Amino acid sequence: MRIFLKAVTVTCIASTWILLMALTFHYPSMSRLESVLKYQRRIADLEAQLKQAMRLIPTTTATTITTTTTPKPCRDDFNVTFETENRFICTHTSGGIGNFMFAFASVYGMASAAHKSVLIQQNNPLLKYFNVSAKVVGDVCICKSAKFVFEGRHCSYNDKLMNLTEFRNYNPGFYFQSWMYFRDVTDDIRRQFTFVEDVRAQALVLLKAQVQAYIKRESEKHVRVTPQKVITVGVHVRRGDIARRKGFVNYGYGLAPPEYFTKAIQYFRTKYNHTLFIVCSDNFQWSKANVTGNDVIYMERNPFQVDLAVLAHCNHSIMSVGTFGWWASFLAGGETIYYKHPARDGSSLRKQFSANMSDYFYPGWIGME
């Protein structure tokens, strides 16, 4: 009722002004000032009448017309089992494939420590590209009834999350980008992240073709090389989004400079006789200008999952910035060179890491700048 009266009054005021304009137009001899004053008084009278009427309406009236909506129930068939057994930890996140891999691996570590099982939604991209073993549900709405626990800093380890032992389900958030969550189950994680056969097969075909091309080039120089002697080094160059998108730039992502890649490549060239560097990137124009050599190959026009599989099947790794290169290096399992400044000092991103970033970079990896 209060809203109705207010609407009526506003309509009357608007109509009065329209009438004023019409009168002034049709009766030019009428004083414009006189008309304005007349109708200002009329508007003031209407506003006074509105205030008087509003006082007569009980203030409780407004509450009687408010409506509430009942939350939509979760209809996944597994919901009853989930709420009865109370032994599950949900995994979900956002971003690229590397983010999903960190979230799953870390939750897997939490679940293993607490003797619980991992629950994953059926549209999670990991199920499409890896042989992941977990309880798959159709709708993650199930997890809304689980206890939410927050990680704190995204790229640091929180030991409290390794003690989720209450008789209940958990729904931790959000990124968990620290190897320490799954340090006791690394063999399991490597098995979980074996590529599905078609992705694996594509990667191996591409890699074999590049090794054979390298051997042929060497033979033309009268150098005999067998496939076993060719040391492949996967090089991930990330620049596209973190170099041009304002949100990433402002957040504090660092960019690995040309000098970093030169040092890292030289490290492997010095150590091995026959190295072949396989470059995967989101900016090949930059890569071709700054990551160069007769032993450098650019893997262009492949889907990201094939790029990841190619890098993961190399002997050693050079990573720049981000979780994609992190997981390519981890799965390759050889020597890894990483860029020491993935986040600018003082930035919001830098605050997500521990002081020396040891929670994030895997033990034994070699930092360069």
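This is a predicted model: local features need pLDDT of at least 70, side-chain atom pairs count only at pLDDT 80 or more; totals for chains, interfaces and linings use all residues.

Helices and strands here are DSSP runs numbered from the N terminus, a helix having at least four residues and a strand at least two. A cis peptide bond joins Gly173 and Phe174, with omega at about 25°.

Most residues other than glycine have a negative phi, and most peptide bonds are trans. Phe176 has a relative accessible area of 0% and is therefore buried, the cut-off for that word being under 20%. A positive phi is found again at Asn86, which is not a glycine either and has a value of about 50°. Asn86 sits in the loop between helix H4 (79-85) and strand S1 (88-91), and because its relative accessibility is 16%, Asn86 too counts as buried.

We turn now to the cysteines. A disulfide is a covalent bond between the sulfur atoms of two cysteines, and a search of the whole structure finds 2 of them. When the bonded cysteines are counted along the chain, the disulfides follow the pattern 1-3, 2-4.

One of these disulfides joins Cys74 to Cys141, with an S to S distance of 1.9 Å. Distant parts of the chain are linked by this pair, for Cys74 is in the loop between helix H3 (61-64) and H4, whereas Cys141 is in the loop between strand S3 (135-137) and strand S4 (147-150), and the two are 67 residues apart. The angle about the S-S bond is 65°, and the link of Cys74 and Cys141 is right-handed. As for accessibility, Cys74 counts as partly exposed because its relative value is 23%, while Cys141, at 12%, counts as buried.

The other link is that of Cys90 to Cys143, in which the S to S distance is 2.0 Å. Since Cys90 lies in strand S1 and Cys143 in the loop between S3 and S4, this pair ties together parts that are 53 residues apart in sequence. The link of Cys90 and Cys143 is left-handed, with -100° about the S-S bond. Cys90 is buried because its relative accessibility is 0%, and Cys143 is buried as well, with a relative accessible area of 2%.

What is the relative accessible area of Cys155, and is this residue buried or exposed? Its value is 4%, so Cys155 is buried. Cys314, for its part, is in no disulfide, and the nearest cysteine sulfur, which belongs to Cys280, is 7.5 Å away. Cys314 has a relative accessible area of 3% and is therefore buried.

Helix H5 (residues 97-114) and helix H14 (residues 323-332) have axes that come within 7 Å of each other and cross at roughly 60°. The two helices H5 and H14 are therefore oblique to each other, because an angle from 65 to 115 degrees would be needed for roughly perpendicular and one under 35 for roughly parallel. The crossing of H5 and H14 is left-handed. On the side of H5 the contact is made by Ile97, Gly98, Asn99, Met101, Phe102 and Ala105, and on the side of H14 by Thr323, Phe324, Trp326, Trp327 and Leu331. The residues of this contact of H5 with H14 divide into 8 nonpolar, 3 polar and no charged.

H14 also packs with helix H13 (residues 304-312), at an angle of about 40° and with the axes 7 Å apart. That angle makes H13 oblique to H14, and H13 passes H14 in a right-handed crossing. Here Phe304, Asp307, Leu308, Leu311 and Ala312 in H13 meet Phe324, Ala328, Leu331 and Ala332 in H14. The residues of the contact of H13 with H14 divide into 8 nonpolar, no polar and 1 charged. A reader who compares the two lists of residues will find Phe324 and Leu331 of H14 in the contact with H5 and also in the contact with H13.

How values were computed
Residues are numbered from 1 along each chain as its sequence is written. Side-chain values use heavy atoms; hydrogens and water are left out. Buried means under 20% relative accessible area, exposed over 50%, partly exposed in between (1.4 Å probe, protein chains only). A disulfide is a pair of cysteine sulfur atoms within 2.5 Å. Axes are lines fitted to C-alpha atoms, for helices over the stretch in contact, and angles run from 0 to 180 degrees between N-to-C directions. Angles under 35 degrees count as roughly parallel, over 145 as roughly antiparallel, 65 to 115 as roughly perpendicular and the rest as oblique. A crossing is left-handed if the near helix is turned anticlockwise from the far one by less than a right angle, and right-handed if clockwise. Contact means heavy atoms within 4.5 Å. Ala, Val, Leu, Ile, Met, Phe, Trp, Tyr, Cys and Pro count as nonpolar, Asp, Glu, Lys and Arg as charged, and the others, Gly among them, as polar.
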